[in-house]
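Visitor: I'm new to this one. Could you walk me through it, a feature at a time?

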Amino acid sequence: MEVTYQLDEISSLAELFVSTYATQKLFCLEGEMGAGKTTFIKQLCDKWGVVDNVSSPTYSVINKYLCSDNRYIYHLDLFRLKNSQELIDIGFEDILYENSIILIEWPQLAYPLLDDISYVKIFIEKTSENSRKMITFIC
Ligand SMILES: Nc1ncnc2c1ncn2[C@@H]1O[C@H](COP(=O)(O)OP(=O)(O)O)[C@@H](O)[C@H]1O
Ligand SMILES: [Mg+2]
(Lines give C-alpha, C1' and ligand atoms only; values in the text may rest on other atoms or scores of the structure.)
(Ligands and ions follow the chains in the order given, each with its own letter.)
Protein backbone atom coordinates (compact mmCIF):
# COMPACT_ATOMS: atom_id res chain seq x y z
CA MET A 1 0.00 0.00 0.00
CA GLU A 2 1.00 3.65 -0.39
CA VAL A 3 -0.39 6.35 1.86
CA THR A 4 0.43 9.77 3.28
CA TYR A 5 -0.73 10.16 6.88
CA GLN A 6 -0.74 12.52 9.83
CA LEU A 7 -0.58 11.58 13.49
CA ASP A 8 -4.36 11.74 13.92
CA GLU A 9 -4.75 9.12 11.15
CA ILE A 10 -2.13 6.69 12.41
CA SER A 11 -4.53 4.56 14.44
CA SER A 12 -6.83 3.84 11.50
CA LEU A 13 -3.81 3.26 9.26
CA ALA A 14 -2.45 0.70 11.72
CA GLU A 15 -5.82 -1.03 11.80
CA LEU A 16 -5.88 -1.26 8.00
CA PHE A 17 -2.28 -2.48 7.98
CA VAL A 18 -2.93 -5.24 10.52
CA SER A 19 -5.89 -6.57 8.54
CA THR A 20 -4.07 -6.25 5.18
CA TYR A 21 -1.08 -8.22 6.44
CA ALA A 22 -2.89 -10.54 8.86
CA THR A 23 -1.03 -13.60 7.57
CA GLN A 24 2.43 -12.00 7.75
CA LYS A 25 4.71 -12.33 10.77
CA LEU A 26 7.85 -10.40 9.86
CA PHE A 27 7.98 -6.65 9.23
CA CYS A 28 11.06 -4.62 8.26
CA LEU A 29 10.77 -0.86 8.73
CA GLU A 30 13.09 1.44 6.82
CA GLY A 31 13.34 5.20 7.11
CA GLU A 32 15.65 7.88 8.46
CA MET A 33 15.97 8.79 12.12
CA GLY A 34 12.77 10.57 13.08
CA ALA A 35 10.78 9.18 10.13
CA GLY A 36 8.23 7.55 12.42
CA LYS A 37 9.18 3.85 12.61
CA THR A 38 8.82 3.47 16.37
CA THR A 39 5.65 5.55 16.40
CA PHE A 40 4.01 3.24 13.87
CA ILE A 41 5.22 0.13 15.70
CA LYS A 42 3.56 1.42 18.90
CA GLN A 43 0.27 1.69 17.00
CA LEU A 44 0.63 -1.80 15.56
CA CYS A 45 1.35 -3.22 19.01
CA ASP A 46 -1.75 -1.47 20.30
CA LYS A 47 -3.84 -3.20 17.59
CA TRP A 48 -2.30 -6.54 18.50
CA GLY A 49 -3.38 -5.96 22.08
CA VAL A 50 0.00 -5.32 23.70
CA VAL A 51 -0.35 -3.81 27.16
CA ASP A 52 3.41 -3.68 27.88
CA ASN A 53 5.26 -0.41 27.35
CA VAL A 54 6.52 -0.24 23.73
CA SER A 55 9.74 1.71 23.25
CA SER A 56 12.65 1.60 20.85
CA PRO A 57 15.22 -1.08 21.81
CA THR A 58 18.07 1.18 20.75
CA TYR A 59 20.43 -0.14 23.45
CA SER A 60 18.88 -3.52 24.23
CA VAL A 61 18.60 -4.38 20.47
CA ILE A 62 15.53 -6.52 21.18
CA ASN A 63 12.32 -6.03 23.18
CA LYS A 64 9.66 -8.67 23.72
CA TYR A 65 5.97 -7.93 24.25
CA LEU A 66 2.97 -10.19 24.81
CA CYS A 67 -0.06 -9.90 22.47
CA SER A 68 -3.65 -10.44 23.54
CA ASP A 69 -3.73 -13.72 21.55
CA ASN A 70 -0.72 -14.97 23.59
CA ARG A 71 1.74 -14.68 20.73
CA TYR A 72 4.90 -12.71 21.34
CA ILE A 73 6.12 -9.68 19.45
CA TYR A 74 9.85 -9.16 19.08
CA HIS A 75 10.77 -5.53 18.42
CA LEU A 76 14.33 -5.11 17.15
CA ASP A 77 16.46 -2.06 16.43
CA LEU A 78 19.63 -3.05 14.55
CA PHE A 79 21.07 0.47 14.32
CA ARG A 80 23.98 -0.27 16.66
CA LEU A 81 24.87 -3.72 15.31
CA LYS A 82 28.04 -4.08 13.25
CA ASN A 83 27.33 -7.25 11.28
CA SER A 84 24.82 -10.06 10.68
CA GLN A 85 26.76 -12.43 12.96
CA GLU A 86 25.84 -10.23 15.95
CA LEU A 87 22.22 -10.76 14.98
CA ILE A 88 22.71 -14.53 14.86
CA ASP A 89 24.41 -14.32 18.28
CA ILE A 90 21.32 -12.79 19.90
CA GLY A 91 19.22 -15.74 18.65
CA PHE A 92 17.56 -14.14 15.64
CA GLU A 93 17.36 -17.37 13.66
CA ASP A 94 15.56 -19.09 16.54
CA ILE A 95 12.86 -16.43 16.85
CA LEU A 96 12.35 -16.50 13.06
CA TYR A 97 10.86 -19.97 13.37
CA GLU A 98 8.67 -19.26 16.38
CA ASN A 99 5.03 -18.39 15.81
CA SER A 100 5.80 -14.81 16.82
CA ILE A 101 5.55 -11.41 15.20
CA ILE A 102 8.87 -9.70 14.47
CA LEU A 103 9.24 -5.96 13.86
CA ILE A 104 12.67 -4.67 12.82
CA GLU A 105 13.89 -1.07 12.69
CA TRP A 106 17.12 -0.52 10.69
CA PRO A 107 16.76 -4.02 9.12
CA GLN A 108 19.67 -4.00 6.63
CA LEU A 109 21.74 -6.57 8.54
CA ALA A 110 18.75 -8.92 8.76
CA TYR A 111 18.16 -9.18 5.01
CA PRO A 112 21.00 -11.68 4.35
CA LEU A 113 19.33 -14.02 6.87
CA LEU A 114 15.87 -13.85 5.25
CA ASP A 115 16.53 -15.75 2.02
CA ASP A 116 13.48 -18.04 2.01
CA ILE A 117 11.33 -16.06 4.39
CA SER A 118 8.38 -13.87 3.47
CA TYR A 119 8.32 -10.43 5.04
CA VAL A 120 6.68 -7.05 4.66
CA LYS A 121 8.94 -4.15 3.80
CA ILE A 122 7.77 -0.76 5.08
CA PHE A 123 9.33 2.51 3.94
CA ILE A 124 8.47 5.64 5.92
CA GLU A 125 9.48 9.08 4.68
CA LYS A 126 9.06 12.48 6.31
CA THR A 127 7.08 14.56 3.82
CA SER A 128 6.60 17.56 6.13
CA GLU A 129 6.78 18.37 9.84
CA ASN A 130 3.34 16.85 10.38
CA SER A 131 2.97 14.21 7.68
CA ARG A 132 4.65 10.99 6.63
CA LYS A 133 4.49 8.83 3.51
CA MET A 134 4.42 5.05 3.87
CA ILE A 135 5.03 2.49 1.15
CA THR A 136 4.62 -1.21 1.96
CA PHE A 137 4.98 -4.42 0.00
CA ILE A 138 5.54 -8.13 0.53
CA CYS A 139 9.00 -9.50 -0.28
N1 LIG B 1 2.52 10.56 10.58
C2 LIG B 1 3.18 11.42 11.37
N3 LIG B 1 2.90 12.72 11.32
C4 LIG B 1 3.57 13.60 12.09
N5 LIG B 1 4.53 13.27 12.96
C6 LIG B 1 4.85 11.98 13.08
C7 LIG B 1 4.19 10.98 12.28
N8 LIG B 1 4.74 9.78 12.60
C9 LIG B 1 5.69 10.01 13.53
N10 LIG B 1 5.76 11.32 13.82
C11 LIG B 1 6.68 11.98 14.79
O12 LIG B 1 8.01 11.82 14.36
C13 LIG B 1 8.88 11.79 15.50
C14 LIG B 1 9.89 10.68 15.40
O15 LIG B 1 9.21 9.45 15.37
P16 LIG B 1 9.90 8.04 15.70
O17 LIG B 1 8.81 7.06 15.58
O18 LIG B 1 10.66 8.10 16.97
O19 LIG B 1 10.94 7.88 14.48
P20 LIG B 1 11.98 6.72 14.16
O21 LIG B 1 11.66 5.54 15.02
O22 LIG B 1 11.78 6.45 12.70
O23 LIG B 1 13.34 7.30 14.44
C24 LIG B 1 7.97 11.69 16.72
O25 LIG B 1 7.93 12.95 17.34
C26 LIG B 1 6.62 11.34 16.14
O27 LIG B 1 5.56 11.86 16.91
MG1 LIG C 1 12.93 4.34 16.26
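Guide: Let's begin with how the elements are named: helices (H or I, at least four residues) and strands (E, at least two) are DSSP runs, numbered from the N terminus. This is a predicted model, where local features need pLDDT of at least 70, side-chain atom pairs count only at pLDDT 80 or more, and totals for chains, interfaces and linings use all residues. Residues are numbered from 1 along each chain as its sequence is written, while chains are lettered from A and ligands numbered from 1 in the order in which they are written.

Visitor: Where does W106 lie, then?

Guide: W106 sits in the loop between strand 5 (101-105) and strand 6 (120-128). Its phi is positive, about 50°, although W106 is not a glycine.

Visitor: Is W106 buried, exposed or partly exposed?

Guide: Here you count neighbours: a residue is buried if 20 or more other C-beta atoms lie within 10 Å of its own, exposed if 12 or fewer, and partly exposed in between, with C-beta atoms placed from the backbone. W106 has 19 other C-beta atoms within 10 Å, so it is partly exposed. V61 has 17 such atoms, so V61 is partly exposed too.

Visitor: What else can you tell me about V61?

Guide: V61 lies in the loop between helix 2 and strand 3 (62-66). Phi of V61 is near 70°, a positive value in a residue other than glycine. For its surroundings we need contacts: two residues are in contact if their C-beta atoms, placed from the backbone, lie within 7 Å. Leaving aside neighbours within four places in sequence, V61 is in contact with L76, D77, R80, L81 and I90. V61 and Y111 are 50 residues apart in sequence, and their C-alpha atoms are 16 Å apart in space.

Visitor: Now the sheet. How many strands does it have, and in what order?

Guide: The general idea is that strands of a sheet pair through backbone hydrogen bonds, either parallel or antiparallel. Two strands count as paired if DSSP finds at least two bridges between them. Here there is an open sheet of 7 strands in the order 1-7-6-2-5-4-3, with mixed pairing. Strand 1 and strand 3 are the edge strands, each pairing on one side only. From one strand to the next, the twist averages 20°.

Visitor: Which way do strand 4 and strand 5 run, parallel or antiparallel?

Guide: Parallel: 5 bridges join strand 4 (residues 72-77) to strand 5, and D77 stands opposite E105 in strand 5. Strand 3 and strand 4 run antiparallel, also joined by 5 bridges, and K64 stands opposite Y74 in strand 4. The hairpin of strand 3 and strand 4 has 5 residues between the strands, and N70 there takes a positive phi near 75°.

Visitor: What about strand 7?

Guide: Strand 6 and strand 7 pair in the antiparallel sense over 8 bridges, with a hairpin joining them through 2 residues. E125 stands opposite K133 in strand 7. Strand 1 and strand 7 are antiparallel as well, over 4 bridges, and Y5 stands opposite R132 in strand 7.

Visitor: Let's turn to the helices. Which residues of helix 1 are buried?

Guide: An α-helix has 3.6 residues a turn, so residues three or four places apart point the same way. In helix 1 (residues 10-20), I10, A14 and F17 are buried. Seen down the axis, the buried residues fall within an arc of 60° (taken from the directions from the helix axis to the C-beta atoms), so they line one face of helix 1. On the other side, S11, S12 and S19 are exposed. The cover over the buried residues of helix 1 includes strand 1 (2-5) and helix 2.

Visitor: And which residues of helix 2 are buried?

Guide: They are K37, F40, I41, Q43, L44 and C45. Their cover includes helix 1, strand 2, strand 3, strand 4, strand 5 and strand 6. Just after helix 2, G49 takes a positive phi of about 80°.

Visitor: Last one: how many residues surround ligand 1?

Guide: A residue is near a molecule if its C-beta atom, placed from the backbone, lies within 6 Å of it. For ligand 1, 17 residues do the surrounding, and the closest are G36, K37, T38, T39 and R132. Helix 2 (37-47) and strand 7 (131-138) are the elements giving two or more residues to this shell, and the largest share, 3 residues, comes from helix 2.

Terms used:
Axes fitted to C-alpha atoms, helices over the stretch in contact; angles between N-to-C directions.
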